[in-house]
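Have a look at the fold, then read on.

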Amino acid sequence: MIIERHMRRRISVALLLLLWTAFAARAQDWRSGTDSRIELMSILFRLAGNKEYHQCRIPAYDKAIDSYFAPYRDHDAVRLARSLGVGFDAPMKLAVYVRDAESLDELVPFDRQGVHLFQNWNAAKAREFLSAARRFAADTNFQSFLKSQQPLFDATNTRLQTFIEKADLGWFTRFFAPPSPARVVVIAGMANGASSYAMHLVDGPAAQEIYAIPGVSKVDPEGLPVFDSAWRTTMVHELTHVYANVPIKAMAQMEKAVRQIYESVAPSMQRQSYGNWRTVLNESLSRAATIEYVREHDGPEAARVVIRQENSRSFFWMSGLVNLLGTYRNSREQYPTFDSFLPRVTEYFNGVAPRMHELTDRLQPKVVSTSIQDGARGVDPGVKTIVVRFSMPMNKVGPFKDSKLNGGRFDQTGTVLTIPVTLEPARDYVFPLRWSGGQSFVSADGVPLAAALLRFHTGAALSPKQK
């Protein structure tokens with residue numbers, strides 16, 4: 001059922017099998033709920049083996065999916081999904097472009113000008129897959145599965161509606177001032193766990209709907225989804241991805257500087273699956289805008305906490321970018337829209353690029369010295385400790401309770417680590433400077449130490465006369 005402030009109309013449960021709530025909030029229409037289109041695509045790509053779609057955190061729902069769909073793991077639609085080589089946001093984007101989970105009809109013609117599916121989905125491939133998915137929905141009696149989960153969906157929808165009503169979605173229109181405000185759609189990704197996505201539905205010159213699909217990553221003791229401040233931050237982050245999307249012309253003006261920035265932190269970004277400078281540009285702006293939302297709704301200290309978290313992910317330029325958005329916030333007569341402010345953003349990145357070495361030196365911890373020099377030969381095998389000095393205070397406790405360092409201890413300042421060792425003569429040693437579980441050392445602010453190894457060779461044993 002869809003509920004509007006000025007209009008009510010009935011639709012069949014088979015259409016979306018969700019409870020949508022939509023109303024105007026400071027000129028911002030929104031709707032929220034679970035969505036059977038999203039669940040169908042999540043389950044199909046889970047069966048296909050995509051790891052990002054195998055993270056369901058709702059125990060009863062996770063078991064229900066496994067039990068109900070186990071006989072269909074080799075269905076034609078599953079095999080086709082496996083062969084397409086797509087994942088992450090591609091299935092979600094296709095889902096929002098179909099009418100419902102039963103017909104899987106095109107909501108907007110895929111070959112219409114201006115419609116951009118994921119780069120691997122051309123209209124022909126998408127239609128072939130949807131034809132197979134339509135057979136899957138019929139062969140599995142997908143509607144029957146959804147009906148069996150209706151109590152869970154109803155409870156989730158009620159919680160999410162209450163949560164969204166307090167989330168101030170009108171902020172996006174106020175902050176970004178898009179030329180044509182779109183309806184915001186917030187969907188709880190029931191089967192998606194920690195994975196979250198954003199996309200927009202385009203039918204004409206501008207987006208008609210902007211989607212945030214945060215995965216449900218936390219449940220209460222009853223096994224029902226929890227929507228809290230962390231989930232709200234994820235939701236805001238996903239929405240800002242769409243609102244803060246940089247036009248092609250402005251992106252070209254930023255390319256040289258952002259490429260240079262990306263190259264200086266590429267290993268860290270690649271570990272987070274951010275494989276190119278364009279992605280990092282969009283991530284930078286969406287994260288900075290999210291921090292602006294947090295500052296307005298939760299206060300400056302909460303915003304500073306998020307900035308420190310971004311530093312820990314190697315977005316070392318985040319503090320300055322957030323400060324720049326403060327200029328935008330306080331100068332709306334001069335900059336009435338976010339797009340009108342992008343030249344200032346270009347100036348900022350042009351200024352950051354040559355200072356990246358300075359930023360990383362200031363924010364990222366480094367090994368200043370070790371009592372045994374890296375690459376040393378003839379090291380006394382009688383040495384009992386290795387002392388490592390860091391450029392800044394480090395977190396003295398490992399990320400997990402079972403993290404150990406074979407007896408190693410940080411001093412009170414957190415800048416000196418003493419590791420007890422038992423060495424043998426005439427041997428090569430390689431010590432990775434990290435917790436024994438493989439996790440990186442991090443600074444007191446949470447910024448990880450770049451991968452570091454201490455390598456040396458011990459000398460021959462001393463004769464009794466030499467001792």
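Let's start with a helix contact: Ala250, Gln253, Met254, Ala257, Val258 and Ile261 in α11 meet Leu342, Val345, Thr346, Phe349, Asn350 and Val352 in α16. Sorted by class, that contact of α11 with α16 comes out as nine nonpolar, three polar and no charged residues. Keep in mind that this is a predicted model.

**α11 against α16**
- Helix α11 covers residues 248–264 and helix α16 covers residues 338–352; they pack at an angle of about 20°, with their axes 8 Å apart.
- An angle under 35 degrees counts as roughly parallel, so α11 is roughly parallel to α16.
- As for handedness, α11 and α16 make a left-handed crossing.

**α11 against α13**
- α11 also packs with helix α13 (residues 277–298), here at an angle of about 100° and with the axes 9 Å apart.
- That angle makes α11 roughly perpendicular to α13.
- On the α11 side, the contact uses Met251, Met254, Glu255, Val258, Arg259 and Tyr262, which meet Trp277, Arg278, Val280 and Leu281 in α13.
- Seven nonpolar, no polar and three charged residues make up the contact of α11 with α13.
- Met254 and Val258 turn up in the contact with α16, and Met254 and Val258 are also listed in the contact with α13.

**Aromatic rings**
- Searching the whole structure turns up 40 aromatic pairs.
- One of them is Phe45 with Tyr53, a tilted pair at 6.3 Å centre to centre with 45° between the planes.
- Phe45 has a relative accessible area of 0%, so Phe45 is buried.
- Tyr53 also has a relative accessible area of 0%, so Tyr53 is buried.
- Phe175 and Phe176 pair up edge-to-face, at 5.0 Å centre to centre and 85° between the planes.
- Both Phe175 and Phe176 are buried.
- Those two phenylalanines belong to one aromatic cluster, formed by Trp171, Phe172, Phe175, Phe176, Tyr243, Tyr293, Tyr328, Tyr335, Phe338 and Phe341.

**A loop residue**
- Where is Thr422? Look in the loop between β12 (416–420) and β13 (428–432).
- Is Thr422 buried or exposed? With a relative accessible area of 72%, Thr422 is exposed.
- Thr422 and Lys384 sit 38 residues apart in sequence, and their C-alpha atoms are 6.1 Å apart in space.

Terms used:
Residues are numbered from 1 along each chain as its sequence is written. This is a predicted model: local features need pLDDT of at least 70, side-chain atom pairs count only at pLDDT 80 or more; totals for chains, interfaces and linings use all residues. Side-chain values use heavy atoms; hydrogens and water are left out. Rings of Phe, Tyr and Trp (its six-membered ring) pair if their centres lie within 6.5 Å; planes under 30 degrees apart count as stacked, over 60 as edge-to-face and the rest as tilted. Buried means under 20% relative accessible area, exposed over 50%, partly exposed in between (1.4 Å probe, protein chains only). Axes are lines fitted to C-alpha atoms, for helices over the stretch in contact, and angles run from 0 to 180 degrees between N-to-C directions. Helices (H or I, at least four residues) and strands (E, at least two) are DSSP runs, numbered from the N terminus. Angles under 35 degrees count as roughly parallel, over 145 as roughly antiparallel, 65 to 115 as roughly perpendicular and the rest as oblique. A crossing is left-handed if the near helix is turned anticlockwise from the far one by less than a right angle, and right-handed if clockwise. Contact means heavy atoms within 4.5 Å. Ala, Val, Leu, Ile, Met, Phe, Trp, Tyr, Cys and Pro count as nonpolar, Asp, Glu, Lys and Arg as charged, and the others, Gly among them, as polar.
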